[in-house]
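Please look over the sequence and the model below before reading on. The paragraphs after them are meant to be read with the structure open.

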Amino acid sequence: MITRAVVVPHPPLLVPELVPGSVESTAAVREACVAAAVRLAEAAPNWIAVGAGPRWETIGPGVCGSFRGYGVDVPVSLSAGPAAGPTADLPLPVLVAGWLRAQAGAGSVRAELLPAGASPADCAETGTRLARADGDLGLLVLGDGSYRHGPSAPGSADERAGDFDAKVAAALAGADADALLAIEPELAAELGAVGRAPWQVLAGLARAAPGWHGELRYSAAPFGVAYHVAVWERS
């Protein structure tokens, strides 16, 4: 049973080795993510990570990867135990999940990826399935908000981004599953918010197993991309 869930972004800048000249300017979001991961590890040593990828895919905990594709060969393992096979080419959310696992001292993480364009209904159904998972597990939900905040944004600035991420932050703070499920996929795609589908998986889980309360630990767009960090607990 999952009784604690953590929401984090997954930018490469979380890994200090990848941003040697910007470690201080990226410290706030990094520290918030690691602290939230530690909270998750305190509740459960083994995690399920949910993120958006190119297709529906499950990646087991016996896998290793590397941030080599992002500039530096920082190794990542999804388990504290020995890897079952050679280093794999892992999607960014899975790499960040493995990195956070190590930072928090958790035992293992299994990644569940769904397409970024998955429908809210499919996301909710995935959350319902995860609510039935056996054993004491933590849920790590990975996804960024809009990348269209202001002139420094990777995408062109969009005046809708501020309101969009303010509503996401409020929903995460209030453990508001209905508000998360109401996010329109088309709007999220236009704003580059890849967290939409993973957040809606969390919302589906919360609907299937009610009694959650939320705590927003960080919410800002320091580099034109919105990053939200939250901890949800089930009473």
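What follows goes from the sheet to one of its strands, then to the helices, the cores and the charged and aromatic pairs.

This is a predicted model, in which local features need pLDDT of at least 70 and side-chain atom pairs count only at pLDDT 80 or more, while totals for chains, interfaces and linings use all residues. Residues are numbered from 1 along each chain as its sequence is written, and side-chain values use heavy atoms, with hydrogens and water left out.

Seven strands form an open sheet of mixed pairing, in the order β3-β6-β2-β7-β1-β9-β8; helices (H or I, at least four residues) and strands (E, at least two) are DSSP runs, numbered from the N terminus, and two strands pair if DSSP finds at least two bridges between them. The edges are held by β3 (57–59) and β8 (212–220), each of which pairs on one side only. From one strand to the next the twist averages 15 degrees, where axes are lines fitted to C-alpha atoms, for helices over the stretch in contact, and angles run from 0 to 180 degrees between N-to-C directions.

With β7 it pairs in the parallel sense over six bridges, whereas four bridges join β1 to β9 in an antiparallel arrangement. Arg4 stands opposite Gly138 in β7, and its bridge partner in β9 is Glu233. Six of the seven residues of β1 are buried, so the strand is mostly covered, given that buried means under 20% relative accessible area, exposed over 50% and partly exposed in between (1.4 Å probe, protein chains only).

What does Val7 touch, leaving aside its neighbours within four places in sequence? Val7 is found in strand β1 and is buried, with a relative accessible area of 1%; the residues in contact with it (heavy atoms within 4.5 Å) are Val141, Leu172, Trp199, Leu202, His228, Val229 and Ala230. Ala230 is also the bridge partner of Val7 in β9. Val7 and Leu216, although 209 residues apart in sequence, are 9.1 Å apart in space, C-alpha to C-alpha.

α1 lies across β1, β2, β7, β8 and β9 and runs at about 170 degrees to β1. α7 lies across β1, β2, β6, β7, β8 and β9, and runs at about 145 degrees to β7.

In soluble globular proteins, nonpolar side chains tend to be buried together. A nonpolar core is here a set of buried Ala, Val, Leu, Ile, Met, Phe, Trp, Tyr and Cys residues joined through side-chain atoms within 4.5 Å. The largest such core has 43 residues, and those with the most contacts inside it are Val8, Trp47, Ile59, Phe67, Trp99, Leu100 and Leu140. The elements giving two or more residues to this core are β1 (2–8), α1 (27–43), β2 (46–53), α2 (92–104), β6 (108–115), β7 (137–142) and β9 (227–234). A second, separate core of 36 residues includes Leu172, Ala175, Leu205 and Ala230. Trp99, not counting residues up to four places away in sequence, touches Leu14, Val15, Pro16, Arg30, Val34, Phe67 and Val76.

Phe67 and Tyr70 are edge-to-face, at 6.3 Å centre to centre and with 65 degrees between the planes. Phe67 counts as buried at 0% relative accessibility, while Tyr70 is partly exposed at 39%.

The charged residues complete the picture. The structure holds 13 salt bridges, each being a side-chain nitrogen of Lys or Arg within 4 Å of a carboxyl oxygen of Asp or Glu. In one of them, Asp178 pairs with Arg207, the closest N and O atoms being 2.8 Å apart. This pair links distant parts of the chain, with Asp178 in helix α5 (residues 177–181) and Arg207 in helix α7 (residues 196–208), 29 residues apart. Salt bridges that share partners join Arg4, Arg39, Glu215, Arg217 and Glu233 into one network. Another salt bridge is formed by Arg110 and Glu112, whose closest N and O atoms are 3.0 Å apart; Arg110 is partly exposed, with a relative accessible area of 29%, whereas Glu112 is buried, with 9%.

Definitions and conventions: Rings of Phe, Tyr and Trp (its six-membered ring) pair if their centres lie within 6.5 Å; planes under 30 degrees apart count as stacked, over 60 as edge-to-face and the rest as tilted.
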